[in-house]
Amino acid sequence: MSIQHHRTPKCFCPNCGYELSAATGFAKPKAGDATLCLNCGHFMIFTHRLRLRKPTSAELLKWAGNKELVAASEVVNQFKREKAGNIE
Ligand SMILES: [Zn+2]
């Protein structure tokens, strides 16, 4: 399994408004998959048109503790710290 980079339709994070047009992961994203905003780390779900929306309560429970999302969240948090000049 290797990391892949996929273009997605341009859309905006529902939390911070950051423009998103790609996804990185082990497979091409599909409807119902989860992702994180690279800018703020907001948890989102892909729609059937690969746009992004806020998760439902059931989706939050389904994805809580997912090892890939936890690892991705750590990467996003490190990126945010580096962007802010707080490199650890
Ligand atoms: Zn965001």
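In strand E2, Glu 19 is the bridge partner of Phe 12. This pair belongs to the antiparallel arrangement of E1 with strand E2 (residues 19-25), joined by 6 bridges; two strands are said to pair if DSSP finds at least two bridges between them. Helices (H or I, at least four residues) and strands (E, at least two) are DSSP runs, numbered from the N terminus. The model is predicted, and local features need pLDDT of at least 70, side-chain atom pairs count only at pLDDT 80 or more, and totals for chains, interfaces and linings use all residues. Residues are numbered from 1 along each chain as its sequence is written.

The hairpin of E1 and E2 has 6 residues between the strands, and Gly 17 in this hairpin takes a positive phi near 85°. Strand E1 (residues 4-12) is hardly covered, since the count of buried residues among its 9 residues is 0. Here a residue is buried if 20 or more other C-beta atoms lie within 10 Å of its own, exposed if 12 or fewer, and partly exposed in between, with C-beta atoms placed from the backbone.

The protein comprises 2 helices and 5 strands, and from the N terminus on the elements run β-β-β-β-β-α-α. Along the principal axes, the C-alpha atoms fill a box of roughly 35 × 30 × 25 Å. For 88 residues, a compact globule would have a radius of gyration near 12 Å, and the 13 Å found for the protein agrees; this radius is taken over C-alpha atoms, and the globule rule is 2.2 Å times the number of residues to the power 0.38. Of the 88 residues, 5% count as buried. Among the contacts with a separation of 6 or more, 34% come from residues 24 or more positions apart, where two residues are in contact if their C-beta atoms, placed from the backbone, lie within 7 Å.

The next group of strands forms a sheet. Strands in the order E3-E4-E5 make up an open sheet of 3 strands with antiparallel pairing. Its edge strands are strand E3 (34-36) and strand E5 (52-53), each of which pairs on one side only. E3 and E4 run antiparallel and are joined by 3 bridges; within this pairing, Met 44 in E4 is the bridge partner of Thr 35. The hairpin of E3 and E4 has 6 residues between the strands, and Gly 41 takes a positive phi near 85° there.

Phe 46 has Leu 52 in E5 as its bridge partner, while Ile 45 stands opposite Arg 53 in E5. The hairpin of E4 and E5 has 5 residues between the strands. Leu 50 lies in the loop between E4 and E5 and has a positive phi of about 60° although it is not a glycine. Leu 50 is partly exposed, with 17 other C-beta atoms within 10 Å.

Arg 51 also lies in the loop between E4 and E5. With 16 C-beta neighbours inside 10 Å, Arg 51 counts as partly exposed. Leaving aside residues up to four places away in sequence, Arg 51 touches Pro 9 and Cys 11. Arg 51 and Lys 28 are 23 residues apart in sequence, and their C-alpha atoms are 13 Å apart in space.

Helix H2 (residues 67-83) has 17 residues, which at 1.5 Å a residue should span 24 Å; its end C-alpha atoms are 24 Å apart, which agrees. The expected span is 1.5 Å times one less than the number of residues in the helix. Of the 17 residues of H2, the number buried is 0, so H2 lies largely in the open. Just after H2, Gly 85 takes a positive phi of about 85°.

Finally, a word on confidence. The pLDDT is the predictor's confidence in each residue, from 0 to 100. The protein averages a pLDDT of 90, and 98% of the residues score at least 70. Confidence is lowest in H2, at a mean of 88, and highest in E5, at 95. Where pLDDT is low, the predicted coordinates should not be read in detail.
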